[in-house]
Amino acid sequence: MADRPQPHQLQVRPQHGLGAKTQYQGPSTGQVLAVITGLPVGGTLLALAGLTLMGTIIGALLATPLFIIFSPVLVPALFVIGLAVTGFLTSGAFGLTALSSLSWVTNYLRRAAGLVPEQLDQMKRRTADMAEFVGQKTKEGSQDIQSKAQDEKRRT
């Protein structure tokens, strides 16, 4: 028997990972339901937005001549109303600032009043420690002076 070359077999295996190509399986049931319910709602809202835009344009076309005719009265009136609103808002902000400042000051004074006896005791202890330290240094200094004086007496 003569050796014949064997045919090569090619096996295709699905690859999993980054480079793998997956077969498209179509939309899920949830996606189909979302599209079915979303289209009518979105279409209705789009139609309402269009009607609102048309109403705004028609209203602006009708009101523009009135605004032009009454602008000598409307512009100063709007300016005065704007200043009045700004004044009210500013006074409210200043009032809130004043209240928060007073609250902070009262809390600070309450805390400080509670700390005064502790601070006085601490100052008394510091003063006593300092007096003791100064007394000790004075004794050491006087002893040094006495020893130097005695050394001078011995030399003479």
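Arg154 is exposed, with a relative accessible area of 64%, where exposed denotes over 50%, buried under 20% and partly exposed the range in between (1.4 Å probe, protein chains only). The structure is a predicted model, in which local features need pLDDT of at least 70, side-chain atom pairs count only at pLDDT 80 or more, and totals for chains, interfaces and linings use all residues. Residues are numbered from 1 along each chain as its sequence is written, and side-chain values use heavy atoms, with hydrogens and water left out.

Side chains of opposite charge can pair when their charged atoms come close. A salt bridge was assigned where a side-chain nitrogen of Lys or Arg lies within 4 Å of a carboxyl oxygen of Asp or Glu. Under this criterion, three salt bridges were identified.

Arg154 pairs with Asp151, their closest N and O atoms being 3.8 Å apart. Both residues belong to helix H2, three residues apart, about one turn of the helix; helices (H or I, at least four residues) and strands (E, at least two) are DSSP runs, numbered from the N terminus. Asp151 is partly exposed, at 36% relative accessibility.

A salt bridge also links Arg155 and Glu152, with 3.7 Å between the closest N and O atoms. These residues are likewise three residues apart in helix H2, a separation of about one helical turn. Arg155 is exposed at 67% relative accessibility, whereas Glu152 is partly exposed at 45%.

Lys137 forms a salt bridge with Glu140, the closest N and O atoms lying 3.8 Å apart. Because Lys137 and Glu140 are three residues apart in helix H2 (residues 71-155), about one helical turn separates them. Lys137 is partly exposed, with a relative accessible area of 45%, and Glu140 is partly exposed at 36%.
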